[in-house]
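Reader: Please present the structure, and let us then examine its fold through a series of questions.

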Amino acid sequence: MALDLAGNLYVADSGLNHIAVFSPGGDLTHTIGTGGTGNGELKFPSSVTVAYRLDASSQPPGEVFVADQGNFRIQV
């Protein structure tokens with residue numbers, strides 16, 4: 001699980017092969033990824049983190065990193 005600066009919670013859901021994103025109030029707002037082996041596809045995601053750049057003017061200001069365990073890679 002990871003929190004972004006806005007208070008959204010990112011949860012690696014290994015069973016459904018995606019990242020679930022919840023608002024600070026606990027509502028599911030969207031998911032990231034689908035099951036598979038291509039770009040943006042996940043196979044047993046095991047962890048997630050949100051990283052931010054030190055330069056606040058950078059676009060995008062941050063990125064989501066996922067340990068895509070079943071595909072033996074890190075997805076950004």
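Author: Helices (H or I, at least four residues) and strands (E, at least two) are DSSP runs, numbered from the N terminus. The model discussed here is predicted.

Reader: Which strands stand at the edges of the open sheet of three strands?

Author: This sheet has the order β7-β8-β9, with antiparallel pairing. An edge strand has a single partner strand, so one side of it is left without a neighbour in the sheet; the strands in question are β7 (45–52) and β9 (73–75). From one strand to the next, the twist averages 25 degrees.

Reader: How many bridges join β7 to β8?

Author: Strand β8 covers residues 62–68 and runs antiparallel to β7. Within this pairing, S47 stands opposite A67, and Y52 stands opposite G62. The number of bridges between β7 and β8 is seven.

Reader: Which residue in the turn between β8 and β9 has a positive phi?

Author: Three bridges join the antiparallel strands β8 and β9, and V66 stands opposite Q75 in β9. The two strands form a hairpin with four residues between them. In that turn, a positive phi of about 55 degrees belongs to F72.

Reader: Is D68 buried or exposed?

Author: D68 is found in strand β8. Buried means under 20% relative accessible area. At 0% relative accessibility, D68 therefore counts as buried.

Reader: Which residue's side chain is joined to that of D68 by a polar contact of 2.9 Å?

Author: Leaving aside neighbours within four places in sequence, D68 is in contact with E41, L42, K43, F44, P45, R73 and Q75. The polar contact of 2.9 Å joins the side chain of D68 to that of N71.

Reader: Which strands are the edge strands of the open sheet that four strands form?

Author: The four strands follow the order β1-β2-β3-β4, and their pairing is antiparallel. An edge strand here pairs on one side only, and this applies to β1 (2–3) and β4 (28–32).

Reader: Which residue in β4 stands opposite A20?

Author: Strands of a sheet pair through backbone hydrogen bonds, either parallel or antiparallel. Strand β3 (residues 18–22) runs antiparallel to β4, with four bridges joining them. Opposite A20 stands T31.

Reader: What percentage of contacts between residues at least 6 apart in sequence join residues at least 24 apart?

Author: Contact here means heavy atoms within 4.5 Å. Among contacts in the protein between residues at least 6 apart in sequence, the part that joins residues at least 24 apart is 35%.

Technical notes:
Residues are numbered from 1 along each chain as its sequence is written. This is a predicted model: local features need pLDDT of at least 70, side-chain atom pairs count only at pLDDT 80 or more; totals for chains, interfaces and linings use all residues. Side-chain values use heavy atoms; hydrogens and water are left out. Two strands pair if DSSP finds at least two bridges between them. Axes are lines fitted to C-alpha atoms, for helices over the stretch in contact, and angles run from 0 to 180 degrees between N-to-C directions. Buried means under 20% relative accessible area, exposed over 50%, partly exposed in between (1.4 Å probe, protein chains only). A polar contact is a pair of N or O atoms within 3.5 Å; within protein, one must be able to donate a hydrogen and the other to accept it, and residues adjacent in sequence count only if both atoms are side-chain atoms.
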